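Open the model in your viewer and keep the selection tool at hand. The stops below say what to select and what is there.

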Amino acid sequence: MLSAGTPEARNGGTATAEPVLRVDGLTAGYGKHVVLDGVALVVGEGELVALLGHNGAGKTTALRSIVGQVRPKAGSIHLDGAAVTGMSPAVTAKRGMSMVPQGQGVFPSMTVEENLRLAAAVATRRSSNPRPQDEVRAFVLDMFGILKRRHKDKAGSFSGGQRQMLAIGMALMTQPRLMLLDEPSTGLAPVLVDEVLAAVRKVNQELGTSVLLVEQDTKRVLAVSDRVYVIKLGVPVFDGTPAEMHQQDWSQLF
Amino acid sequence: MDLLLSLAKNGVIIGLLYGLFAYGMSLIIATSGVLHFAHGLTLVGSAYSFWFFFQEKELGVFVGVLAALAVGGLIGVLVELVIYRPLRRIHATDMVFLVASLSVLTLGQAAIVFIFGTDPKSVRPNEFLRWSADVGPFNIRTWDLLILGASALAFAALYLLQRRTAVGLSFRAVGDNPQRAETLGIKLQHTYVWVFLAGSLVAVLPAMLLAVQNPVTPSMGFDLLVKAVIALVIGGIGSMPGALLGGILIGLVESLATYKLPTEWAEFTLYALLFIFVIVRPNGLTKGALRTA
Ligand SMILES: Nc1ncnc2c1ncn2[C@@H]1O[C@H](COP(=O)(O)OP(=O)(O)OP(=O)(O)O)[C@@H](O)[C@H]1O
Ligand SMILES: [Mg+2]
């Protein structure tokens, strides 16, 4: 089993450990259309946090604003205590965020091996990688056997579930501080959903990667998350543990 | 029979040059999504630089090659930085890019006419280039060997670049899905500059090799551009075997046509070939296919 890196070491030994991700008063949208209004959330070191909400609630927009694909109209985003608000996706990626976009996380014309190698190569330029690449690579291939078996195949020949596994593997190869997953279970059969969510949990526990997970399937997500946020039409409506979430009247939240 | 074989050999040789030029352009198109017609200007610019420094100023072949590489690379990178990057920022449509690219080519040609005039320039072949030997039915010239060597080296280098290096992998990744590439930390603007540089440097080889064998004229870029477009329709954009096959097929058809037809008709046979492909195999020979940029 791999040991999780110590947060203090990476934060330069400061006693008051900043959360990995802190989002305050995030307001964002497209043109005049405001989609998110005052969203706040925190992902602590080593936490797996879920962001839930109905279709069109603004979950994807939240992830896109955090990584810089959408420029926030107001609010702030901090990664390990440093402001990254409005920075470009390439920059936030270098700083340690790795988002897996919904349904298109792989490069179809490239082989599995090339997809993984590219992700690793791009990330080695970051100084704070805590582990040797080979170790992470072995972890990924071990977790998703299909990636090992079909190493030389084009990612374009993969099924939806296999692509999702490769996409998560690529995100891991960048050794992110924070992995952001946008509905990794979209279009998967229920057994595969369980497999993917279990993998996310495993990554979180064994590599110590902090995760912000967007999902639709509330029940399954509650089983793997440490904390949960719910947004409704772009406004935060719940924030708590899965146990607290079970006490709620869900019809009010979605 | 010997004439036919000899024409076929010449066709394959010149086809390698077409394929090389087409592949440089295809590399750029596949990654940036821009139908980079100004690639023709890269060719003319570097051919003139080579002629100017090597022949006119007699500064030696080394300076000539360096000047051609510098000018060719610079044209590609400048067109990206000055024309395409601002267009990308305002989310211009493909059509706008295309028109802009064609304008650059025609304006650039006009500038060359203005500076050097319309009369063809030629590089006088030296002792080395005049050498040839009969091998079976073929007359092999230095030029043939140069093209064989240069294209083998260039294609091998490009193959390795795109499979072995981070920059080459990022060319392909950005071509597949730029937004996803960005979320991995790939800077799109840098990638575009690198791919324009790489693709343009590839065009410098055919530019110099053409310059030592054929007259250097302001319109040579446009002529080769037409052939490259046909080669890519036939072979598919982004595909290395496709560009090579397309180029060689064009070279062969153009060369063999002169067996029966007057030389002025060579160009016509190319359009006939293009026409047949567009009707029969609009997706090209390889699965790379002509996709929208
Ligand atoms: N590119 C866009 N341009 C304009 N409006 C958009 C864009 N993307 C999303 N929206 C709008 O923003 C709102 C929130 O969309 P978003 O994709 O963030 O929701 P979501 O919670 O991820 O939904 P889903 O569960 O269906 O993925 C929707 O009303 C949608 O129409
Ligand atoms: Mg969504």
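Select chain A and chain B together: about 2000 Å² is buried between them, and carbon and sulfur atoms give 57% of that area. Buried area is the accessible area, taken with a 1.4 Å probe, that two parts lose on being put together, summed over both. In chain B, pick B:Arg180, B:Thr183 and B:Leu184, which lose the most area to chain A and together make up 33% of what that side buries. To show the whole contact (heavy atoms within 4.5 Å), select 31 residues from chain A and 19 residues from chain B.

This is a predicted model, in which local features need pLDDT of at least 70 and side-chain atom pairs count only at pLDDT 80 or more, while totals for chains, interfaces and linings use all residues. Residues are numbered from 1 along each chain as its sequence is written, chains are lettered from A and ligands numbered from 1 in the order in which they are written, and side-chain values use heavy atoms, with hydrogens and water left out.

Next, select ligand 1. Which residues come nearest to ligand 1? Of the 14 residues around it (a heavy atom within 4 Å), these are A:Gly56, A:Lys59, A:Thr60, A:Thr61 and A:Gln216.

Now show side chains and look for polar contacts, here pairs of N or O atoms within 3.5 Å. Oxygen atoms of ligand 1 lie at these distances from a side-chain N or O atom:

- A:Thr61, 2.5 Å
- A:Lys59, 2.7 Å
- A:Asn55, 2.8 Å

The protein covers 61% of the 630 Å² of accessible area that ligand 1 has on its own (Shrake-Rupley method, 1.4 Å probe).

Select strand S2 (33-43) and helix H2 (59-67) of chain A; each supplies at least two residues of the shell around ligand 1. H2(A) gives the most, three residues.

Last, colour by pLDDT, the predictor's confidence in each residue, from 0 to 100. Chain A averages 89, with 91% of the residues scoring at least 70. Select residues 3-15 of chain A, where the pLDDT is below 50; beyond near neighbours in sequence, this stretch has 17 contacts in the model. Chain B averages 92.

Key
A polar contact is a pair of N or O atoms within 3.5 Å; within protein, one must be able to donate a hydrogen and the other to accept it, and residues adjacent in sequence count only if both atoms are side-chain atoms. Helices (H or I, at least four residues) and strands (E, at least two) are DSSP runs, numbered from the N terminus.
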